[in-house]
Amino acid sequence: MPVQQLKEFLDGADVEYMCLSHPPAFTAQELAHHVKIAGDRVVKTVIIELDGKMAMLVMPATWRIRWDRLSRILDTDFVDLADEQEFQDRFPDCEVGAMPPFGNLFEMSVYCSEALTEQPELAFAAGSHTESVHMKTADFLSLVQPMVLNHGFVKPGAQKPAWLTKGRRRPGETGKQAVSGMVG
């Protein structure tokens, strides 16, 4: 059974959803594997610190965050991955790493990758590593009302910037700077 707060919220909203039990899944990709659905339909929930406040990012399990682009689109100088120790008290009935993507239930702003909104249905951790909820994306969006972002995320297989490739330098960096900045 999903965490009680989530179950009551979904039941009260009178939306259709399905709960599944499965082997432990500690990542969204593992959840996709266990429930046998595409990773683009599984929600990865990431807690971030945005200008000193906790917020929630939700995106397809197969995608990753582009911090530089995310910072730009959110018009902030400070966006970073939140420390689990700092936010675990906000999710009292949830296992760490299994928070459902309903930041509105936990007094957090929710930012959602546009790619996630294009899926017909979603699956996500329901507060534990062995239970997930499956529901229509339209219902999720209606209930959470996240801010949808079309930048700040990178889809699978996207090429990394050249300067991230091993041995390459950042744009504008001279060879001397690159060498002095490396740790042996």
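Arg-66 counts as buried because its relative accessibility is 13%; buried means under 20% relative accessible area, exposed means over 50%, and partly exposed is in between, with a 1.4 Å probe and protein chains only. This is a predicted model, where local features need pLDDT of at least 70 and side-chain atom pairs count only at pLDDT 80 or more, while totals for chains, interfaces and linings use all residues. Residues are numbered from 1 along each chain as its sequence is written, and side-chain values use heavy atoms, with hydrogens and water left out.

What does the side chain of Arg-66 meet in a salt bridge? The partner is Asp-68, at 2.7 Å from N to O. A salt bridge here is a side-chain nitrogen of Lys or Arg within 4 Å of a carboxyl oxygen of Asp or Glu. As background, side chains of opposite charge can pair when their charged atoms come close.

Asp-68 is partly exposed, because its relative accessibility is 35%. Asp-68 also forms a salt bridge with Arg-72, where the closest N and O atoms are 3.8 Å apart. Arg-72 is exposed, with a relative accessible area of 58%. Helices (H or I, at least four residues) and strands (E, at least two) are DSSP runs, numbered from the N terminus.

The search of the whole structure finds 3 salt bridges. One of them joins Lys-7 and Asp-11, at 2.8 Å from N to O. Both residues lie in helix H1, residues 4–12, and are 4 residues apart, about one turn of the helix. Lys-7 is partly exposed at 24% relative accessibility, and Asp-11 is partly exposed at 40%.

Now the pocket. How many residues line the largest pocket? There are 24, and Phe-26, Lys-44, Thr-45, Gly-97 and Met-99 lie nearest its centre. Strand S2 (43–50) supplies the largest share of this lining, 5 residues. Helix H2 (28–35), helix H4 (84–87) and strand S7 (121–128) each supply at least two.

Conventions. On a 1 Å grid over the protein atoms alone, a cavity is a set of points where a 1.4 Å probe fits but cannot get out, and a pocket is an open set with protein on both sides within 12 Å along at least five of seven lines; lining residues have an atom within 4 Å of a point.
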